[in-house]
Amino acid sequence: MSTPLTFAVVGTGWRSDFHIRMAAAAPDRLEAVGVLARSDEAAERMAQRWGIPVVRTIEEIVALKPDFVIASVSWPSMPGVVTELVEHGVMVLAETPPAPTADGLRELWAAVGASGRVQVAEQYMLMPGHAARLEVVRSGAIGQATAVEVASTHLYHATSIMRSYLGAGMADAVVSARTFTAPLVDPLTFDGWVEKPQPQPRTTTIGTIDFGDGRMGLYDFVDNQWWNPLLARRLVVRGSLGEIVDDAVTRLSGEGVLTSPITYRRTGIDMNLEGNEVVSAAFEGRIVYRNPWVGTRLSEDDIAVASFLELTGRWARGEADGPYSLADACQDHLLGLAIEESARNRADVRVTKEVWA
């Protein structure tokens with residue numbers, strides 16, 4: 001059996017904990033060999049929480065010889081940390097986004113784009129639901145995918161989902177977005193449940209992205225939509241022969257119009273004692289997704305994070321293509337910035353080919 005894929009982390013925030021937790025859940029496949037902490041307090045906290053080596057400099061993290069290093073730092077710090085790691089000759093996984101601004105993206109690409117040493121953490125399409133739907137799309141069940149509606153996550157994550165289903169690549173795009181503010185109860189936030197929540201002004205951003213050749217993305221995001229349990233998540237993929245709405249696939253077949261569900265096998269329900277997790281997904285009698293982490297009891301988002309780490313490790317060892325390139329990350333963040341700019345100025349924004357294209 002191959003040795004675990006190893007990684008180290010620069011940074012001590014909540015995103016860093018996400019990655020280290022995956023290694024703790026599957027130590028036979030992933031190993032966190034160290035973390036770089038800038039402050040004494042953070043160093044002590046990470047050492048106590050995870051029991052792994054804590055270092056204080058880039059040179060020390062590189063000396064641990066991990067397969068790759070995760071840059072999990074603030075947006076303003078990200079380009080500098082990524083560039084320094086590449087200059088030390090290591091393979092890098094940067095958190096999203098790789099730089100805060102459009103100019104920052106271009107500067108980062110100029111510094112490290114040609115190195116081929118940078119992937120970016122974008123796990124959404126490895127979640128069971130998205131992975132299953134993508135397999136259905138690729139099977140041709142709904143024909144050529146032409147439109148994607150995303151109402152679940154924000155900006156660069158949403159544009160990544162759109163481009164993945166549409167196969168849009170680095171195509172020029174025209175973005176048109178507007179915002180609307182209305183009262184909404186927000187009972188659960190990043191900091192936990194709110195006692196006696198009351199409706200407060202919350203902003204909804206609606207946008208369209210014209211990718212050309214008849215391909216369109218519809219962006220619908222409400223403040224705190226990630227956490228608010230009152231807001232449904234919606235994913236629609238429309239094609240030339242039908243559409244997928246969440247997990248329902250309606251399509252034209254030789255026998256007429258059919259609606260078939262994508263179904264999931266989940267264990268731990270009722271008298272099932274196999275563990276609490278999603279095992280697989282099927283569509284019309286065919287398995288379209290298998291959980292590669294059965295036995296770990298990971299949540300669906302954690303499955304995606306663990307899968308992304310494993311793919312990054314295999315890329316770093318030269319065994320596989322990278323899961324999500326720096327070029328893709330730059331493109332998606334540029335589209336996300338265009339959504340914000342269009343909504344702010346109430347005008348279309350054109351995104352044209354950049355240096356990473």
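**Exercise 1. Which residues in H4 are buried?**

Before we start, note that this is a predicted model, where local features need pLDDT of at least 70, side-chain atom pairs count only at pLDDT 80 or more, and totals for chains, interfaces and linings use all residues. Residues are numbered from 1 along each chain as its sequence is written, and side-chain values use heavy atoms, leaving out hydrogens and water.

*Step 1.* Learn the terms. Buried means under 20% relative accessible area, exposed means over 50%, and partly exposed lies in between (1.4 Å probe, protein chains only). Helices (H or I, at least four residues) and strands (E, at least two) are DSSP runs, numbered from the N terminus.

*Step 2.* Go along the helix: Met78, Pro79, Val81, Val82, Thr83, Leu85 and Val86 are the buried ones. That makes seven of the ten residues of H4 (78-87), a helix that is mostly covered.

*Step 3.* Look for the cover, using contact (heavy atoms within 4.5 Å). The buried residues of H4 are covered by elements including strand S1 (5-10), helix H3 (58-63) and helix H5 (102-112).

**Exercise 2. Find the order of the strands in the open sheet of six strands.**

*Step 1.* Two strands pair if DSSP finds at least two bridges between them.

*Step 2.* Strand S3 (54-55) and S6 are the edges, as each pairs on one side only.

*Step 3.* Now zoom in on S1 and S4, a parallel pair with four bridges. Here Phe7 stands opposite Phe68 of S4.

**Exercise 3. Explain why the pair Phe7 and Phe68 is stacked.**

*Step 1.* Rings of Phe, Tyr and Trp (its six-membered ring) pair if their centres lie within 6.5 Å; planes under 30 degrees apart count as stacked, over 60 as edge-to-face and the rest as tilted. This rule gives a count of seven aromatic pairs.

*Step 2.* The ring centres of Phe7 and Phe68 are 5.7 Å apart and the planes meet at 25°, so this pair is stacked.

*Step 3.* Phe7 belongs to strand S1 and Phe68 to strand S4, so the pair ties together parts 61 residues apart in sequence. Both Phe7 and Phe68 are buried.

**Exercise 4. Compare with a pairing elsewhere: how many bridges join S8 to S11?**

*Step 1.* Strand S8 (173-184) runs antiparallel to strand S11 (200-212), and eleven bridges join them.

*Step 2.* For one example, Thr179 has Thr205 in S11 as its bridge partner.
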